[in-house]
Amino acid sequence: MEFFNFLLDFLSYIMLSYFIFQIFGRKRYISLIVFAILIISSLVNLVSVIYTGYGILAILYTFIVDPLPIILALFVYLYLTRSYRVRIREKKPKGLKLKNIYTTVFPTKYIFRLSLFGSILSGLVIILILVNYYLDYTYMSTLVFTGSLILSGLIMLFSIYQLYSVKQIDYDRFIVYIGKHKEKCYAYDLKEMTHPLQMSDVFTNQDYLCDEVGVIKVYQGYKLIEKNYLYWIATSQDVEIKIEGFHLTSNVFKPFVEDISKYQKVKIKLQLEHGQYIIDPKNNGAN
């Protein structure tokens, strides 16, 4: 029965961290803060057991049932969100030496798989909660049972909605403007990419100052059909792109972003009508 509790706690922590990650715009650090609080709380409990003078078996048992499922769930979360980054010291290429900005783009196919994982995980947690409650493996009050069931159900519905929304997107692009006045425009199709894209994956010189311009979403009516992640390297020097698939493209979005200054981040909504991009009346503009 202890294994059942361990499994339920472990999966619940993963589900909760996944939901926080998704609901707060895929900001990794928020779930990491929650994990830190949970781990500190569990370690305080473990330390109290140690200082009380219990034997080694009691200490080991407390560690297994309290901090361990949280720690293991943290490692799963780090893997799923690609929050770790192993860097090997490399010789920097000569030339442009600018401050590196850590930024990540999450392709729609990655989000689809993550949402599928979330829906399956929340469904499994619901089954375990029901089994635990009705077979009375461990005590669970009606309030805790109801709250856990409602939260898991909401996460499952949210994941299913994410699956539906992402499936509607036809184009998913990473766009980089090069030049002081955004003279060149390079695009990369993210549609089939199954893992997050980081700046270090793109440029040979990882010290380019790559400013995030923002996101352009294109709709047909209420249907989201395009997501374009826009970045800008304001340099007149040549930029070496190491990832295959990047290509010079027509700068179709330049009229909407040419007046954007450095460090200004925007979210632009466009409507596609008769093959032309126009500003959506509900466009929310710059941040």
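This is a predicted model: local features need pLDDT of at least 70, side-chain atom pairs count only at pLDDT 80 or more; totals for chains, interfaces and linings use all residues.
Two strands are taken to pair if DSSP finds at least two bridges between them. Glutamate 273 stands opposite glutamine 276 in E9, and the two strands form a hairpin with two residues between them, in whose turn histidine 274 has a positive phi of about 55 degrees.

Of the 287 residues in the chain, 43% are buried. Among the contacts in the chain with a separation of 6 or more, 72% are accounted for by residues 24 or more positions apart.

E5 and E6 form a hairpin with two residues between the strands, in which glycine 221 takes a positive phi near 70 degrees. The pairing of E5 with E8, by contrast, is parallel and comprises six bridges; in E8, lysine 267 is the bridge partner of valine 215. E5 is mostly covered, with seven of its 10 residues buried.

Turning to the helices, helix H1 (residues 2-23) has 22 residues and reaches 31 Å from its first C-alpha to its last, which is close to the 32 Å expected at 1.5 Å a residue. Just after H1, glycine 25 takes a positive phi of about 70 degrees. Asparagine 5 has its place in helix H1 and, because its relative accessible area is 18% and residues under 20% count as buried, asparagine 5 is classed as buried. The C-alpha atom of asparagine 5 is separated by 9.4 Å from that of leucine 128, a residue 123 residues apart from asparagine 5 along the chain. When residues up to four places away in sequence are not counted, asparagine 5 touches Asn132 and Thr138.

Two packed helices are described by the angle between their axes and the distance between the axes. Helix H3 (residues 56-65) and helix H4 (residues 67-80) pack at an angle of about 40 degrees, with their axes 3 Å apart. H3 is therefore oblique to H4. From H3, the contact is made by Thr62, Phe63, Ile64 and Val65, and from H4 by Pro67, Leu68, Pro69 and Ile71. The residues of this contact divide into seven nonpolar, one polar and no charged.

A further residue of interest, isoleucine 70, also lies in helix H4. Isoleucine 70 counts as buried because its relative accessibility is 1%. The C-alpha atoms of isoleucine 70 and aspartate 9, which are 61 residues apart along the chain, are separated by 7.9 Å. Leaving aside neighbours within four places in sequence, isoleucine 70 is in contact with Tyr13, Phe35, Leu38, Ile39 and Ser42. Tyr13, one of these contact partners, falls within the residue range 2-23 of helix H1.

Conventions: Residues are numbered from 1 along each chain as its sequence is written. Side-chain values use heavy atoms; hydrogens and water are left out. Helices (H or I, at least four residues) and strands (E, at least two) are DSSP runs, numbered from the N terminus. The expected span of a helix is 1.5 Å times one less than its number of residues. Axes are lines fitted to C-alpha atoms, for helices over the stretch in contact, and angles run from 0 to 180 degrees between N-to-C directions. Angles under 35 degrees count as roughly parallel, over 145 as roughly antiparallel, 65 to 115 as roughly perpendicular and the rest as oblique. Contact means heavy atoms within 4.5 Å. Ala, Val, Leu, Ile, Met, Phe, Trp, Tyr, Cys and Pro count as nonpolar, Asp, Glu, Lys and Arg as charged, and the others, Gly among them, as polar. Buried means under 20% relative accessible area, exposed over 50%, partly exposed in between (1.4 Å probe, protein chains only).
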